[in-house]
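Hello,

Here is the structure I promised to pass on to you. Have a look at it first, and then read on for what I found.

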Amino acid sequence: MSETTEKADSKPDDVEPVAEAAESKKVAGGLVGGIIKTARPRQWVKNVLVFAAPFFAFSKSTDRTGLLIAALIAFAAFSLVASSVYLINDAIDVEADRAHPTKRNRPIAAGIVPVPVAFVAAAVFFAAGLGISFFASWQLAVVLAVYEAVQLGYCFGLKHQPVVDLAIVGSGFLMRSIAGGVAAGIALSQWFLLVTAFGSLFMVAGKRYAEIMLFERTGAKIRSSLKKYSASYLRFVWATSAAILIMSYCLWAFEIRQVEHDSVWAVVSMVPFVVAVLRYAVDVDGGNAGEPEEIALKDRVLQVLGASWVVTLFLSFYL
C-alpha cells in the first residue's frame, strides 16, 4: 500500500446524506475514536520492518537487550509519525472522500473529526513520534523528519506524478528498515539496502498492477494516478523488481554463509524466501492483491513461508 491513500474520482451525487453521516458519527464512538481510526493503527504492522536490521545484526552484538529496546523505540516512533501522515492525507482529501461511496464513511469525511482538529492531532502525533525517537538516537529523528517531508510532498501533489509516486511509496518501506538500523547504531550492508529497496518497489508496483487488472475485469474504481500507467508498464516494473530482489537476496545469503562460519542455513533460507516472493506474485498476477499487510495477515501459506525463512536465518546465525 501507499503510505497515504489517494482518492478515486466519483460523481457529486454520491455525496453521503447528512443523516447517514450522523449515524456514522454515532457508530464511530466520537471524536477520540475518530482520530484513532484515522490514525490507522492496523497499518502499524508495516513498521515491523524496523526490526529487520537489528535482527540481522543480533548475533554480532553483545548488547542484545539494547538492540531490542532501540528497535521497539523505532517501532513506536515510526508508528506515530506514520499516523500523522494518514491524518493529514485524509484532511487534505476530505472533499474527494465525501464524494466516494465507501471513503465517505471515514471519520474526517463523515464529520466526526473536524479538519482543523485532524491537523492538530497530526502535529501532536508527529511531535510525539519525534520526541520518542531521541531516546534511541538523533539519527532516527532525522530519518523520521525526512519520511514526514517526503510523505507530505506525496500528499500535496507528488502522488499525481507517474513513477515519482511509485518511488515515494516504496521509499516509505525503505526508510522503515533504515530507521531500525540507525536507531540501533547498525551499519547497514549494501545487500540489505538493495533487498529492502527492490522488495518495496516489488510490492508497490505489484499492488498498482493488481488494481489495474481488477479495473479491467470488473470496472471497479481506481485511483486517478493509475490512469497514467498501462498494465504492461507496471508488470514490467513489478517483474524487474522481483528479479533484482531475488538475485540480491541470494547473493546476500551466500555472503552470510561465509561470514557465519560457512553455515548452510543461510543458503537454505533462499528456498522459503523465493517461494514466498512467488506466492505473493500469485495474488498480484490474479489482480487480487490488496494492501501488503492485509495479504500477510490473511495468507496462511505466506505466513508459514515467512516463519520458515526467519527460522533458517536464525539457525544460520546461531548454529
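Before the helix pairs, one convention: axes are lines fitted to C-alpha atoms, for helices over the stretch in contact, and the angles between their N-to-C directions run from 0 to 180 degrees. Please also keep in mind that this is a predicted model.

With that in hand, let's start at helix H4 (residues 64–92). H4 packs with helix H8 (residues 164–184) at an angle of about 145°, and their axes are 8 Å apart. The crossing of these two helices is right-handed. On the H4 side the contact involves Leu-67, Ala-70, Ala-74, Phe-78, Ala-82 and Tyr-86, which meet H8 residues including Gly-172, Met-175, Arg-176 and Ala-179. Sorted by class, the contact of H4 with H8 has 10 nonpolar, 2 polar and 1 charged residues.

H4 has another partner, helix H6 (residues 115–133), with the axes 8 Å apart and an angle of about 160°. That angle makes H4 roughly antiparallel to H6. Here H4 passes its partner in a left-handed crossing. Among the H4 residues in this contact are Ile-73, Ala-77, Leu-80 and Val-81, while H6 brings residues including Phe-119, Phe-125, Phe-126 and Leu-130. The contact of H4 with H6 divides into 18 nonpolar residues, 4 polar ones and no charged ones.

H6 passes H7 in a right-handed crossing. Phe-126, Gly-129, Leu-130 and Ser-133 of H6 make this contact with Leu-140, Ala-141, Leu-144 and Glu-148 of H7. By class, that gives 5 nonpolar, 2 polar and 1 charged residues.

Next, the aromatic side chains. The structure holds 12 aromatic pairs. One of them joins Phe-192 and Trp-252 edge-to-face, at 5.9 Å centre to centre and with 80° between the planes. This pair links distant parts of the chain, as Phe-192 sits in helix H9 (residues 190–218) and Trp-252 in helix H10 (residues 231–259), 60 residues apart.

Finally, a word on the database record. An unreviewed UniProt entry lists residues 67–88, 108–132, 138–157, 178–205, 233–252, 264–281 and 301–318 as "transmembrane region". How do two of these spans look in the model? Residues 178–205 are 82% helix and 0% strand, with the end C-alpha atoms 21 Å apart. Over residues 264–281 the chain is 89% helix and 0% strand, and there the end C-alpha atoms are 27 Å apart.

Enjoy exploring it!

Best wishes

Methods
Residues are numbered from 1 along each chain as its sequence is written. This is a predicted model: local features need pLDDT of at least 70, side-chain atom pairs count only at pLDDT 80 or more; totals for chains, interfaces and linings use all residues. Side-chain values use heavy atoms; hydrogens and water are left out. Helices (H or I, at least four residues) and strands (E, at least two) are DSSP runs, numbered from the N terminus. Angles under 35 degrees count as roughly parallel, over 145 as roughly antiparallel, 65 to 115 as roughly perpendicular and the rest as oblique. A crossing is left-handed if the near helix is turned anticlockwise from the far one by less than a right angle, and right-handed if clockwise. Contact means heavy atoms within 4.5 Å. Ala, Val, Leu, Ile, Met, Phe, Trp, Tyr, Cys and Pro count as nonpolar, Asp, Glu, Lys and Arg as charged, and the others, Gly among them, as polar. UniProt positions are given in the numbering used here, feature names are shortened, and annotations may be inferred rather than shown by experiment. Rings of Phe, Tyr and Trp (its six-membered ring) pair if their centres lie within 6.5 Å; planes under 30 degrees apart count as stacked, over 60 as edge-to-face and the rest as tilted.
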